[in-house]
Amino acid sequence: MIDPITAMATATAAYNGIKKAVAVGREISGMAGTISQWSKAVSDLDFLEEKAKNPPMYKMFTPAQSNAIDIWSQKQKLKEMREELKSHISFTYGPSAWDEIVRIEAQQRKEQRELVYKKQEFIEKCINWSVGIAVTLAGVGGLIVLLYFLGIKQGKW
């Protein structure tokens, strides 16, 4: 399970790594691993934001306000980091370098969606169905017990 604190910690570490690499003049291609970490963390936070807007059934009965606020604040910090990275990289390497990073980020999001998020969505669907079936069976069982006791009280059993 992805949580906003871990995703933000990863993004912050990658951000600091990219910033240091730009400061010492490393090539963009030498920062591929760090850029990949950054992209995955950004993608994770986007996925969490999407999930907070449309929570699974079993989470609808728990207070999600604090989680939504955490995600929103993390996204705001991420936005600031992105703008600073964009200005540093565009100034040092030119705008085409930032375009390359955006392309890498889009590729990472696609890979994350295919590998990680689909699996997590499948697990959440299974949990939703299990909870739904359990609630339905409990309701049917309760109805049967109620009808049984009503039948006994009326002397029909």
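## Charged pairs around Glu105

In this predicted model, the side chains of Glu105 and Arg109 come together in a salt bridge, with 3.0 Å from N to O. Both residues belong to helix H4, where they stand four residues apart, which is about one turn of the helix. Arg109 is partly exposed, its relative accessible area being 31%, whereas Glu105, at 5% relative accessibility, counts as buried because the limit for that class is under 20%.

Arg82 is partly exposed, with a relative accessible area of 22%.

Another salt bridge joins the side chains of Asp46 and Lys75, at 2.1 Å from N to O. Asp46 lies in helix H2 (residues 32–53) and Lys75 in helix H3 (residues 65–93), so the pair ties together parts of the chain that are 29 residues apart in sequence. Asp46 and Lys75 are both buried.

Side chains of opposite charge can pair when their charged atoms come close. A search of the whole structure finds eight salt bridges, and among them is the bridge between Glu105 and Arg109. Through salt bridges that share partners, Asp46, Glu49, Lys75, Arg82, Glu105 and Arg109 are joined into one network.

## Aromatic pairs

Turning to the rings, the count comes to three aromatic pairs. One of them is formed by Tyr15 and Trp38, whose ring centres are 6.5 Å apart and whose planes stand at 35° to each other, an arrangement classed as tilted. Tyr15 lies in helix H1 (residues 4–24) and Trp38 in helix H2, so this pair ties together parts that are 23 residues apart in sequence. Tyr15 is buried, with a relative accessible area of 8%, and Trp38 also counts as buried, at 1% relative accessibility.

Tyr148 and Phe149 form an aromatic pair as well, with 5.5 Å from centre to centre and 65° between the planes; the pair is edge-to-face because its angle is over 60 degrees. Tyr148 counts as partly exposed at 39% relative accessibility, while Phe149, at 51%, counts as exposed because the limit for that class is over 50%.

Technical notes:
Residues are numbered from 1 along each chain as its sequence is written. This is a predicted model: local features need pLDDT of at least 70, side-chain atom pairs count only at pLDDT 80 or more; totals for chains, interfaces and linings use all residues. Side-chain values use heavy atoms; hydrogens and water are left out. A salt bridge is a side-chain nitrogen of Lys or Arg within 4 Å of a carboxyl oxygen of Asp or Glu. Helices (H or I, at least four residues) and strands (E, at least two) are DSSP runs, numbered from the N terminus. Buried means under 20% relative accessible area, exposed over 50%, partly exposed in between (1.4 Å probe, protein chains only). Rings of Phe, Tyr and Trp (its six-membered ring) pair if their centres lie within 6.5 Å; planes under 30 degrees apart count as stacked, over 60 as edge-to-face and the rest as tilted.
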